[in-house]
Amino acid sequence: MYNVTVNGKKLELEKTLTIKDYLESACVDPKIVVVEHNYEIPDKSKWNEIALKDGDNLEIVKFIGGG
Amino acid sequence: MMNKANTNSENAKSEYANSENINSENINSEYEFHEGLRYSRQIILDGFGAEGQAMLKKAKILVAGSGGLGSPALLYLAAAGVGNIGLVDFDTVTSSNLNRQILHFTSDLGRRKTDSAEEKLNKLNPEVKVIKHNARIDIDNVEDIISGYDVVIDATDNFTARYLISDCCYFMKKPLVEGAAVGLDGILMTIIPDKTPCYRCLYPYPPEDGVLPTCSDVGILGAVTGVIGSMQALEAIKLVVGIGQNVTSRILAFDALASSFREVKWSKRESCPLCGKEPKITELVQYEIKCRIKGLD
């Protein structure tokens with residue numbers, strides 16, 4: 001078990017998840033978001049390589065363009 | 001020859017004189033007094049003052065889009081006395097606009113949004129000059145349009161325009177207030193070129209074709225665009241007057257259901273294709289991005 005903060009909320013996770021895995025588990029379409037991981041912005045191509053660890057911080061921001 | 005702002009102002013002065021039985025010889029000083037009354041509630045704010053009001057009067061602010069975001073933004077800029085307000089829109093008023101595009105009324109159906117907006121803004125405040133740009137923002141006109149303004153508010157509804165506006169503002173070093181809303185979500189950030197993260201620090205490249213929902217897919221509540229659009233006006237006013245803190249180097253993400261704002265700190269990206277160490281975007285790009293489903297508007 002390990003703790004990750006996602007969008008300001010603490011979550012307890014069991015399995016090792018990459019950023020991409022996490023998004024899929026949360027039913028977030030990776031095509032419509034940008035992600036900040038530990039205050040860095042990894043390229044989308046790395047999302048399936050970066051494994052979440054205890055204490056990590058994720059901010060997921062949707063692409064919003066309507067007006 | 002009087003321009004339209006002067007004509008509106010003179011008409012308003014005459015109406016005021018008649019309503020108050022004021023001697024026409026005294027009208028100018030009386031009207032200035034009345035104008036001072038109009039802004040009295042903001043002039044007395046700490047840090048604002050007559051100086052701040054004078055700055056607003058001289059300011060030139062462009063609002064790209066006069067729809068859901070643009071309507072409240074334009075109304076509040078006019079109410080505050082921003083002297084020169086540009087508005088860009090190519091569209092006409094349709095029924096499904098009316099739940100949120102509060103500058104436009106039922107009686108405006110079929111009318112150009114720029115004309116509808118101009119009429120309401122002049123009625124609200126005849127002292128401001130409204131400059132209409134009846135056009136769809138594209139790669140050929142965006143520089144000319146933006147060049148005449150100090151600050152730009154992006155109230156458009158598509159990424160093609162957003163990337164043109166944000167890149168152009170970066171190249172021309174114009175502060176930009178980005179806002180967007182769809183469904184029950186909104187987002188707000190202010191960009192000062194080279195000092196703060198730019199639009200592409202957040203969204204380096206547009207989303208893939210056909211993946212994004214539009215307001216006609218997922219819906220939009222007027223009060224949500226009202227929140228973001230009003231805050232865009234507030235950001236622009238603060239930039240001009242030089243008070244408070246702008247939403248720079250951070251994003252405000254609005255959750256309308258929870259009525260909460262989440263602040264996300266966002267830094268300049270070294271790898272940003274526009275403002276990063278090795279820029280890849282060195283000239284304007286017009287992306288053709290289709291939304292998921294083409295709805296009624």
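**Notebook: chains A and B**

I began with B:Asp167, which is buried, at a relative accessible area of 0% (buried means under 20%, exposed over 50% and partly exposed in between, with a 1.4 Å probe and protein chains only). I was working on a predicted model, where local features need pLDDT of at least 70 and side-chain atom pairs count only at pLDDT 80 or more, while totals for chains, interfaces and linings use all residues. Residues are numbered from 1 along each chain as its sequence is written, chains are lettered from A and ligands numbered from 1 in the order in which they are written, and side-chain values use heavy atoms, with hydrogens and water left out.

**Around B:Asp167**

I found B:Asp167 in helix 8 of chain B, residues 159-172 (helices are DSSP runs of H or I with at least four residues, strands are E runs of at least two, and both are numbered from the N terminus). Leaving aside residues up to four places away in sequence, I saw B:Asp167 touch B:Arg200, B:Leu274, B:Ile281 and B:Leu284 (contact means heavy atoms within 4.5 Å).

Among the buried residues of helix 6 of chain B I noted B:Lys113, B:Glu118 and B:Lys120.

After helix 11 of chain B comes B:Gly242, with a positive phi near 80°.

**Where chain A meets chain B**

How many residues of chain A are in contact with chain B? I got 17 from chain A, against 31 residues of chain B. The two chains bury about 2,000 Å² between them, 63% of it on carbon and sulfur atoms (buried area is the accessible area, 1.4 Å probe, that two parts lose on being put together, summed over both). A:Phe63, A:Ile64 and A:Gly67 supply 35% of the area that chain A buries against chain B, more than any other three residues.

I counted two salt bridges between chain A and chain B (a side-chain nitrogen of Lys or Arg within 4 Å of a carboxyl oxygen of Asp or Glu). One of them joins A:Lys62 to B:Asp185, with the closest N and O atoms 2.8 Å apart. Strand 3 (33-37) and strand 4 (56-62) of chain A each supply at least two residues of the side that touches chain B, and strand 4 gives the most, with four residues.
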